Amino acid sequence: MPTSLTSLLQGVLTSALGVLLAVGLWGLVPAAAAQASLTSNSYDGNIYALYAGNGSLVPPRSSLAQALADHRPAVVIYYLDDDAASKQFSAVVSELQRVWLNSIELIPLVTDPLQNRGDGGPTDPAHYWRGLVPQVVVFNAEGRVIFDEQGAVDVDAINAAVSQATGIPLPEGGTRSSTESFNELNSEVVSR
């Protein structure tokens with residue numbers, strides 16, 4: 001009996017050692033390189049967390065209907081996580097949050113749920129979306145659209161519209177900003 005017990009224990013230990021060795025060697029295999037790209041139309045995850053360094057933007061803290069009901073100026077940003085233009089524009093959206101803080105409701109909305117559905121009226125984001133991303137729509141406190149542009153909208157033009165919507169003046173001489181990349185994934189908006 002002691003011999004068969006010893007053989008059994010040796011077999012179990014050998015198997016366990018083989019598994020541990022395989023797991024240890026697996027850790028030495030180089031991981032595949034990340035495929036995220038600021039200039040591709042590939043899905044890389046939350047574009048605001050990845051490319052703008054600001055995952056707090058989504059989900060938005062308020063809906064358009066709530067912002068309009070509360071008579072708060074709102075900026076709706078229509079985007080797609082797998083769109084290169086939206087990825088590149090994400091730094092501008094993050095800059096809007098930094099500059100305007102709690103003066104506006106910043107509402108970034110992915111457009112997938114808006115496609116091929118009916119228009120629910122003026123409190124429905126689908127009512128304002130024109131089918132391209134990114135798109136920026138600025139509402140004043142009365143709920144009137146005062147700015148509606150598509151594409152790589154200049155952050156200074158958006159700031160001017162938000163200033164009009166909120167009644168908060170821009171710094172003397174306005175703003176002059178540009179978007180600069182500081183690595184292959186991230187960019188930031190800098191004031192000049």
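Buried residues are those with under 20% relative accessible area, exposed residues have over 50%, and partly exposed ones fall in between (1.4 Å probe, protein chains only). Helices (H or I, at least four residues) and strands (E, at least two) are DSSP runs, numbered from the N terminus. The model is predicted, so local features need pLDDT of at least 70 and side-chain atom pairs count only at pLDDT 80 or more, whereas totals for chains, interfaces and linings use all residues. Residues are numbered from 1 along each chain as its sequence is written, and side-chain values use heavy atoms, with hydrogens and water left out.

With β1 it runs antiparallel, joined by five bridges; here Phe139 is the bridge partner of Ala74. Five bridges also join β3 to strand β4 (residues 145-150), again in the antiparallel sense, and Gln135 has Gln150 as its bridge partner in β4. Five residues lie between β3 and β4 in their hairpin, and Gly143 in the turn has a positive phi of about 85°.

Strand β1 (residues 74-79) pairs with β2 as well, in the parallel sense and over six bridges. Ala74 has Glu105 as its bridge partner in β2. Between β1 and β2 the chain passes through helix α4 (residues 84-100), making a right-handed β-α-β crossover; right-handed means that, with the strands pointing away from the viewer, the path from the first strand over the helix to the second runs clockwise. Strand β2 (residues 105-110) is mostly covered, with five of its six residues buried.

Ser62 sits in the loop between α2 (47-50) and α3 (64-69) and counts as buried, at 13% relative accessibility. Leaving aside residues up to four places away in sequence, Ser62 touches Ala67, Glu105 and Ile107, contact meaning heavy atoms within 4.5 Å. Although Ser62 and Ile107 are 45 residues apart along the chain, their C-alpha atoms are separated by 6.9 Å.

Note on methods
Pairing = 2+ DSSP bridges.
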